[in-house]
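Please consult the sequence and the structure while reading.

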Amino acid sequence: LQSMSVRQYLYPVHISGLFLFTQTLASALNLLLLRFLNMQYSEVFKLADCCVSDTQLSAEESLIFQQLRFLNDDNAPDAHACRLKISLVTANSDITCPW
């Protein structure tokens with residue numbers, strides 16, 4: 001946790017009240033992780049496209065992304081689909097998936 005520069009994230013809510021804005025890659029990765037933990041698979045699937053970078057991840061971003069390894073025991077078909085989507089969107093980047 002010491003490598004994290006921010007320990008909480010604020011997510012502005014769209015005026016419609018239907019979705020959140022992520023202002024940084026770290027906040028998007030954190031939201032992806034939280035939604036995955038809450039089994040909101042359709043939201044994880046949609047958010048996966050926003051969680052990729054063509055540059056090296058910062059220590060904070062890497063720490064959050066590596067927490068996805070704790071979700072390997074989720075055998076729901078939708079969880080497998082989300083992991084595949086994350087693997088696909090990170091395939092051409094320097095990001096290595098934790099599974």
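**Packing around a helix**

In this predicted model, the buried residues of α4 pack against α1 (25–37), α2 (41–47) and α3 (59–66).

Q: Which residues of α4 are buried?
A: A residue counts as buried when its relative accessible area is under 20%. In α4, this applies to Ala 79, Cys 82, Arg 83, Lys 85 and Ile 86.

Q: Within what arc do the buried residues of α4 fall, seen down the axis?
A: An α-helix has 3.6 residues a turn, so residues three or four places apart point the same way. The buried residues of α4 line one face of the helix. On the other side of α4, Pro 77, Leu 84 and Leu 88 are exposed. Seen down the axis, the arc that holds the buried residues is one of 160 degrees.

Q: Is Thr 90 buried or exposed?
A: Thr 90 lies in the segment after α4 (77–89). Its relative accessibility is 2%, and the cut-off for the buried class is under 20%. Thr 90 therefore counts as buried.

Q: Which backbone oxygen does the side chain of Thr 90 reach?
A: Leaving aside residues up to four places away in sequence, Thr 90 touches Val 52, Phe 65, Ile 95 and Cys 97. The side chain of Thr 90 also reaches a backbone oxygen at 2.8 Å, that of Ile 86.

Q: Is Met 39 buried or exposed?
A: Met 39 is placed in the loop between α1 and α2. Its relative accessibility is 56%, and exposed means over 50%. Met 39 therefore counts as exposed.

Terms used: Residues are numbered from 1 along each chain as its sequence is written. This is a predicted model: local features need pLDDT of at least 70, side-chain atom pairs count only at pLDDT 80 or more; totals for chains, interfaces and linings use all residues. Side-chain values use heavy atoms; hydrogens and water are left out. Helices (H or I, at least four residues) and strands (E, at least two) are DSSP runs, numbered from the N terminus. Buried means under 20% relative accessible area, exposed over 50%, partly exposed in between (1.4 Å probe, protein chains only). A polar contact is a pair of N or O atoms within 3.5 Å; within protein, one must be able to donate a hydrogen and the other to accept it, and residues adjacent in sequence count only if both atoms are side-chain atoms. Contact means heavy atoms within 4.5 Å. The arc is that of the directions from the helix axis to the C-beta atoms.
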